[in-house]
Amino acid sequence: MYQSYFKIGWRNLVRTKSHSVINIGGLAVGMTVAMLIGFWIYDELSYDKYHENYNRIGRVIRNGTLNGNTISTTYLPYALGDELKTKYGSNFKHIVMAWPVGTHILSTVDKKLSHTGQFIESGAPEMLTLKMLKGSWKGLKDPHSILLSASLANILFGDDDPMEKMIKIDNAMDVKVTGVYEDLPHNTHFRDADFLAPWELFVTHNQWMLSQGFKNNFLDIYVEIQPAINFETISANIKDAILNNVKDDKAYVDANPQLFLHPMRKWHLESEFTNGVATGGLIQFVWLFGIIGTFVLLLACINFMNLSTARSEKRAKEVGIRKVMGSVRRQLVNQFFTESFMVVSLAFIISICTVSLTLPWFNELAGKQMTMLWMSPFFWIISFCFILVTGVLAGSYPALYLSSFQPVKVLKGVFRAGRFAYIPRKVLVVIQFTVSITLVIGTMIVYQQIQFAKNRPVGYSRDGLIMMQMTSSDFYGKTDVLRDELIKTGVVEEVAESGSPTTAIWSSNGGFNWKGKDPNLQTEFATLSVAPEYGSTVGWQFIAGRDFSRTLSSDSAAFVITEAAAKFMNLENPIGEEVRWEPGWRKGMTFKIIGVIKDMVMISPYEQPMPTVFFLGGPTNWLNIKINPGVSAVSAIPTIEAVFKKIIPSVPFDYKFADQEYNLKFAAEERIGELASVFATLAILISCLGLFGLASFIAEQRTKEIGIRKVVGASIFQLWQMLSKDFVVLVAISCIISIPVAYYFLSDWIKEYDYRTEISWWIFFVSAIGAVVITLLTVSYQAIRAARMNPVNSLRSE
């Protein structure tokens, strides 16, 4: 019986080649999109699952009231680590303090390279269940040890055994290789840690941390909880661990620091907090693309339904004869389902080949490192279920519809589909284009928001500005000489140091007081130590006052503040106003405001700028170099490098362009926009394939009508208009539905950004017109082809 089903199904596929190509092609495209999205979602949901203790690892988060809002941060005080170990240690298997991942200089006998790594306590390798290729998890017990990733070990030592080899970190710390671990996968929080070095060694070379107590926040704390306890219970226990140790300081008490544990399973997808409460994060895009994948597959299934039912009159006699010969409806349903599964299976084979070929391109587009899971039983089980669901989804309506025909009417030749038979097909076409147009509108609004943020005034000039992190103490005492020599070359306009790069804020502090300040107001300003030439290097735009000067000793107690800081302080004329900074970098010192500049967008371009104060004389670890506008970067870099190596030969010449670093802030949104545009394009393609096939069948059904109309004088334009009108009406209905739907969801999405564009009316207009034009182009070929046919051929048998 089933052999007969397959034989008949194959004959039908071969006999109607164009119909089969459209069906299989449409389903293959839909399944390819669904599969790629499935891989992307799987990668997102498996983030950090490389670590075997994934469900018991967490990090400590601190909530605090600042500038009238509750903020959440991972930065914690040094003393908290010992406090957790001493008073709450029974709740944890591991408590690990760490310095955030950063770039460091690694030197061997014959190499000197910059790589990212992390100083972390010795329990980290076991907590993270690193797969050790050499050595063991205990490798960081020695305070002068280092663990290397396999790739970094190969870069530094090639084929030689790296164990027991000596390395110098930042030209200051001598360490011995005690282990090599497998490279961490791309989808893990610790993926940038090319090496791990002992926390104790870092503290030894940064003794200032020991005196910071609970009032300076700068490190991360990771934990692994005991199996018999949950995160919520421990969070309740440790909530006031900081507050209990700062009760003598009103400012800190008013800030109300509270702790909680954030589980590793939520780090990647649920990392956003608003007023101290988790509000989601990338999980919204997992849901979004899951919905898109489902709808794109549904569009392909709708094509199958529409084209199968459109051919109902051609299959009607077959159904009638089968019923007369004794076939029951169940057998006919099985026949049509068999044909459906044959089409879906062929489409799956094409789609899985397409996915394997396009996965490298998709990885680049999505910023992933996904691979085909050929050897995974789970993958094949999911694939089988995928085929099953798609086959049922695509074949259910045609099977039930076609098997319901009455044999008497069919064999008498009086069977006609009836005017109500077209309604389901029209509804399905409307659904197809509603989804496609909504995707197009969404993509355009995403791009509009990105472009709006890119065009935002940033308050400084990124052109020709390069940044270098001063990772070694070898810089100190030489920056003035380096500045003079670089300016002498003529390729550099100015050089200045700063405590943070121009594209980030590394330091913020509270404890600011000024005349007229509300005593209950808790303040947190970004604080940036700079050299006097910093403003001219980055191109500050002054609203009032002046820049710092090397010749004025009084500027050592001066502030230049941003416009946001002036507004927050509610100072109408801030120039000359005094601000006391307690505790501050210089405890209890009074500063005079000498200048107000336009806000510098240093963190997210989508958020309101943080109130910022600039001052002289503090610690700096970045060097900013402004290339002469008359000199190209290509010709300037070799000259800068030569001077750099002459003055500081012990440090690699590693630099970043400020404009490239700033553009990275748009990477996530641009990636989402690019993915959405690809899926929207494919959704339109699938819809048009179905429309093209449907138009060909309708033109074929109305061949005699077209012949009669031509005989009585209808022009080609009139016939084209007649055949295209119904499709244009359906697409117009889709536009009417999709526009308010898209506006509702996109307006909610865009409200998440503080700095956002207004949704423009022209986006909806262009999308609607574009949909109508594409529809006309799709159906016009079939319409004009039918209109140009010789009426003699269609009427000769009448």
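The following dialogue explains how several terms apply to this predicted model.

Reader: How many helices and strands does the protein have?

Author: The protein has 24 helices and 27 strands. Helices (H or I, at least four residues) and strands (E, at least two) are DSSP runs, numbered from the N terminus.

Reader: Why is Ser-149 called buried?

Author: Buried means under 20% relative accessible area, exposed over 50%, and partly exposed in between, with a 1.4 Å probe and protein chains only. Ser-149 has 2% relative accessibility, and therefore counts as buried. Ser-149 belongs to strand 8. Apart from residues up to four places away in sequence, Ser-149 touches Val-180, Tyr-181, Asp-183 and Asp-194; contact means heavy atoms within 4.5 Å.

Reader: What percentage of the protein's residues are buried?

Author: Of the 798 residues in the protein, 51% are buried.

Reader: Why is Glu-44 called buried?

Author: The relative accessible area of Glu-44 is 4%, so this residue is buried. Glu-44 lies in helix 2, residues 17-45. Neighbours within four places in sequence aside, Glu-44 is in contact with His-268, Leu-269, Leu-282, Val-286 and Lys-368. Glu-44 and Val-286 are 242 residues apart along the chain, and their C-alpha atoms are separated by 7.5 Å.

Reader: How do you know that the buried residues of helix 5 line one face of the helix?

Author: The buried residues of helix 5 (residues 150-157) are Leu-152, Ala-153, Leu-156 and Phe-157. Seen down the helix axis, they fall within an arc of 105 degrees, so they line one face of helix 5. The arc is that of the directions from the helix axis to the C-beta atoms. These buried residues pack against several strands, among them strand 5 (102-107), strand 6 (112-120) and strand 8 (145-149). After helix 5 comes Gly-158, whose phi is positive, near 60 degrees.

Reader: Why is strand 25 described as largely enclosed by the rest of the structure?

Author: Five of the five residues of strand 25 (residues 612-616) are buried, so the strand is largely enclosed by the rest of the structure. Both faces are covered: Thr-612, Phe-614 and Leu-616 are buried on one side, and Val-613 and Phe-615 on the other.

Reader: Which way does strand 25 run relative to strand 20, parallel or antiparallel?

Author: Strand 20 (residues 525-530) and strand 25 run parallel and are joined by five bridges. Two strands pair if DSSP finds at least two bridges between them. In this pairing, Ser-529 stands opposite Phe-615. Strand 22 (residues 558-562) is joined to strand 25 by two bridges, and these strands run antiparallel. Here Val-560 stands opposite Phe-614.

Reader: What makes Lys-85 and Glu-121 a salt bridge?

Author: A salt bridge is a side-chain nitrogen of Lys or Arg within 4 Å of a carboxyl oxygen of Asp or Glu. The closest N and O atoms of Lys-85 and Glu-121 are 2.7 Å apart, and the pair forms a salt bridge. The two residues link distant parts of the chain, with Lys-85 in helix 3 (residues 78-87) and Glu-121 in the loop between strand 6 and helix 4 (124-127), 36 residues apart. Lys-85 is at 33% relative accessibility and so counts as partly exposed, whereas Glu-121, at 8%, counts as buried.

Reader: How many salt bridges does the structure hold?

Author: The structure holds 19 salt bridges. One of these is between Lys-645 and Glu-641, with 3.0 Å from N to O. Because they are four residues apart in helix 18 (residues 633-647), Lys-645 and Glu-641 are separated by about one helical turn.

Reader: Why is Leu-777 called exposed?

Author: Leu-777 is at 62% relative accessibility, so this residue counts as exposed. Leu-777 is found in helix 23, residues 761-787.

Key. Residues are numbered from 1 along each chain as its sequence is written. This is a predicted model: local features need pLDDT of at least 70, side-chain atom pairs count only at pLDDT 80 or more; totals for chains, interfaces and linings use all residues. Side-chain values use heavy atoms; hydrogens and water are left out.
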